[in-house]
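Please follow this explanation with the sequence and the structure side by side.

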Amino acid sequence: MSAAAVKLDAGAQGLQVRQVGKVFSDNGREVVAVEGVSFDVEPRQVCVLLGPSGCGKSTVLRMMAGLERPSSGSVSLNGELVRGPHRDRGMVFQGYTSFPWLKVRQNVAYGLRVNGDMLAMQEGTVDYFLDRVGLSAFADAYPHQLSGGMRQRVALARALANTPKVLLMDEPFGALDAETRWQMQELLLDVIRKERMTVVMVTHDVEEALLLGDQIVFLSRHPGRVKTILHPPFKADSEINTREDMRAHPEYAGMEKQILGMMREEGGH
Ligand SMILES: Nc1ncnc2c1ncn2[C@@H]1O[C@H](COP(=O)(O)OP(=O)(O)OP(=O)(O)O)[C@@H](O)[C@H]1O
């Protein structure tokens, strides 16, 4: 195993979300986006935030990232209060966030340069993660020469190269077509299993949640509260590597039905 892989695994930490609430002020009107949300993310676990549109998934993730302050309650990383953004919590967003004037390799190295890592370590780390996301052959390409899925792989490699203690992803595949989205989900499944990272991910795609999550926190809406917490068995099952494998599993149909039923109750589907 390479040094980079050891670092992600050993550095993985858990998050504690305690009675978190968020009230936004919208033109003088108070909007209670989320209320009394509590859950734990264990180290090396993938936690998916799922629920209907507008239920507060992104708001909860942004508070975990330190990009929003909770109005009540707290978010902690290994028991230490989250007070703002930090490289311990790497973030991947929906849009293609590469720098168009930098080559793929330089895009992946960008965070390392900002954080002042040494050149030698930079190169090994960048190559390692380019390989992980299958982009070694495109290291010297520019983002505009890549497909949408490949650009999102650059964003993933960049977040990983910073060896975060937790990887936070907000609808990372939301802008991709269905086929590329599935390829990316299977690639991410492979990467998170090998690297054994802690991941929190927002999605409204039920199959994505079931394939990738060790834990699914389902939020109800207006305001967002934890409706239920599920523990799908698929990510931990090394026999399951594709969507077809998951669909053939005896527990899949029942779990999907349960979640779609909750989506319907919440008026999301
Ligand atoms: N900066 C803001 N100012 C005012 N209201 C906000 C702000 N950010 C979010 N909200 C409101 O908070 C609620 C939750 O929004 P949020 O984006 O977290 O939901 P979501 O579940 O991620 O939605 P989607 O799945 O559609 O992306 C919504 O009612 C939204 O309008």
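Strand 1 and strand 4 (residues 72–77) run antiparallel and are joined by five bridges. One point of reference in this pairing is Arg-18, whose bridge partner in strand 4 is Ser-74. The model in view is a predicted one, and the description that follows should be read accordingly.

Strand 1 also pairs with strand 2, again in the antiparallel sense, over nine bridges. Leu-15 has Val-41 of strand 2 as its bridge partner. The two strands form a hairpin with two residues between them. In that turn, Asn-27 has a positive phi of about 50°.

Strand 4 is in turn joined to strand 5 by two bridges, and these strands run antiparallel. Here Leu-77 has Glu-80 of strand 5 as its bridge partner. Taken together, four strands form an open sheet with antiparallel pairing, in the order 2-1-4-5. Its edges are strand 2 and strand 5 (80–81), each of which pairs on one side only.

Which of them supply its shell? Strand 1 (15–26), strand 2 (29–41) and helix 2 (57–65) each contribute at least two residues to the shell around the ligand. Helix 2 gives the most, with three residues. In total, 13 residues surround the ligand, and the closest are Phe-24, Ala-33, Ser-53, Ser-58 and Thr-59. Sorted by class, the shell holds seven polar, four nonpolar and two charged residues.

A second open sheet has six strands in the order 6-7-8-3-9-10, and its pairing is mixed. Strand 6 and strand 10 are the edge strands, each pairing on one side only. From one strand to the next, the twist averages 20°. Helix 5 (residues 148–161) packs on this sheet and touches strand 6 and strand 7. The direction of helix 5 makes about 175° with that of strand 6.

Within this sheet, strand 7 has a parallel partner on either side of it in the strand order. Four bridges join strand 7 to strand 6 (residues 89–92), and the two run parallel. Four bridges likewise join strand 7 to strand 8 (residues 199–202), also in parallel. Leu-168 takes part in both pairings: Leu-168 is the bridge partner of Met-91, and Leu-168 stands opposite Val-200 in strand 8.

Helix 6 (residues 178–195) has 18 residues. From its first C-alpha to its last, helix 6 reaches 25 Å, close to the 26 Å expected at 1.5 Å a residue. Its buried residues are Arg-181, Met-184, Gln-185, Leu-188, Leu-189, Val-191, Ile-192 and Glu-195. An α-helix has 3.6 residues a turn, so residues three or four places apart point the same way. Just after helix 6, Arg-196 takes a positive phi of about 55°.

The last stop is Arg-221, which lies in the loop between strand 9 (215–220) and strand 10 (225–230). Arg-221 is partly exposed, because 19 other C-beta atoms lie within 10 Å, whereas a buried residue would have 20 or more. Leaving aside residues up to four places away in sequence, Arg-221 touches Gly-51, Pro-52, Gly-54, Cys-55 and Glu-266. Arg-221 and Gly-51 are 170 residues apart along the chain, yet their C-alpha atoms are separated by 7.8 Å.

Note on methods. Residues are numbered from 1 along each chain as its sequence is written. This is a predicted model: local features need pLDDT of at least 70, side-chain atom pairs count only at pLDDT 80 or more; totals for chains, interfaces and linings use all residues. A residue is near a molecule or strand if its C-beta atom, placed from the backbone, lies within 6 Å of it. Ala, Val, Leu, Ile, Met, Phe, Trp, Tyr, Cys and Pro count as nonpolar, Asp, Glu, Lys and Arg as charged, and the others, Gly among them, as polar. The expected span of a helix is 1.5 Å times one less than its number of residues. A residue is buried if 20 or more other C-beta atoms lie within 10 Å of its own, exposed if 12 or fewer, and partly exposed in between; C-beta atoms are placed from the backbone. Two strands pair if DSSP finds at least two bridges between them. Two residues are in contact if their C-beta atoms, placed from the backbone, lie within 7 Å. Axes are lines fitted to C-alpha atoms, for helices over the stretch in contact, and angles run from 0 to 180 degrees between N-to-C directions.
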